[in-house]
Amino acid sequence: MTRILILFAHPALERSRIHAGLIHSIRDLQGVTLHDLYEAYPDLNVDPDREQELLLRHDIILLQHPFYWYSAPAIIKQWQDLVLEHGWAYGHSGTALQGKLLGNVISTGGMQSAYVRGGHHGYTIREFLLPFEQTARLCNMTYLPPFVIHGTHRMEQPDMPYCCKQYRQMLEGLRDDRYTPGALAEAVYLNELM
Ligand SMILES: Cc1cc2nc3c(=O)[nH]c(=O)nc-3n(C[C@H](O)[C@H](O)[C@H](O)COP(=O)(O)O)c2cc1C
């Protein structure tokens, strides 16, 4: 079974509608480890040894977070800066992550129609996520299409069960190797594969 690690980052989980619901719906999933970074490191003192050890024990690494300023909450950056060490994650002898998969699971206040070239936000989500995609490449990992929930500002609470179901199905699909490499390479969003 493919082992999935979710690195979860939400700085104000008590005010979260979307991510609080998403993580609640997948907590019992076999083969999926949920690691809440703000809970583990409230002072942002990320422990590189602990994190590297966790990475080694998993095949797919998902960064789950709300989209903040066209990127991720601060702890994700801190995690990258401290954990993805030269000689371990990248560089001549840095092959620890080789062959693993990396992806983002995000929610955006903006609607999908605003994330197009020339739209309100100017660029596509894939363009905003390019630093993650290239990070995966540098670490000899394969970047997955992102799983995206758009339009959270206008979203009604009744939409949540659908999003949670889709998220759970997506994780089960990845865990059980239901998606072919070709399908993963072609999809813009993981949501399309369900
Ligand atoms: C500090 C901050 C920055 C944000 N930046 C963006 C952004 O760049 N683009 C966007 O579409 N939404 C942005 N949002 C909206 C959040 O993405 C949205 O509220 C969140 O995904 C909802 O998930 P939650 O209910 O789990 O908090 C931002 C919200 C905050 C608080």
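A disulfide here is a pair of cysteine sulfur atoms within 2.5 Å. The model is predicted, so local features need pLDDT of at least 70 and side-chain atom pairs count only at pLDDT 80 or more, while totals for chains, interfaces and linings use all residues. Residues are numbered from 1 along each chain as its sequence is written, and side-chain values use heavy atoms, with hydrogens and water left out.

**Cysteines**

- Zero disulfides turn up in a search of the whole structure.
- Cysteine 163 is in no disulfide, its nearest cysteine sulfur being that of cysteine 164, 6.7 Å away.
- For cysteine 164, the closest cysteine sulfur is in cysteine 163, and at 6.7 Å the two are too far apart for a bond.
- Cysteine 163 counts as buried (under 20% relative accessible area, with exposed over 50% and partly exposed in between; 1.4 Å probe, protein chains only), because its relative accessibility is 8%.
- Cysteine 164 is also buried, at 12% relative accessibility.

**Ligand site**

- The ligand is surrounded by 17 residues, and the closest are His10, Ser16, Arg17, Ser107 and Tyr115.
- Of the shell residues, seven are nonpolar, nine polar and one charged; Ala, Val, Leu, Ile, Met, Phe, Trp, Tyr, Cys and Pro count as nonpolar, Asp, Glu, Lys and Arg as charged, and the others, Gly among them, as polar.
- A side-chain N or O atom of histidine 10 is 2.7 Å from a ligand oxygen atom.
- For serine 16, the corresponding distance to an oxygen atom of the ligand is 2.6 Å.
- In serine 107, a polar side-chain atom lies 2.5 Å from a ligand oxygen atom.
- The protein buries 76% of the 630 Å² that the ligand exposes when taken alone (Shrake-Rupley method, 1.4 Å probe).

Conventions. Near = heavy atom within 4 Å. Polar contact = N/O pair within 3.5 Å; in protein donor to acceptor, adjacent residues only side chain to side chain.
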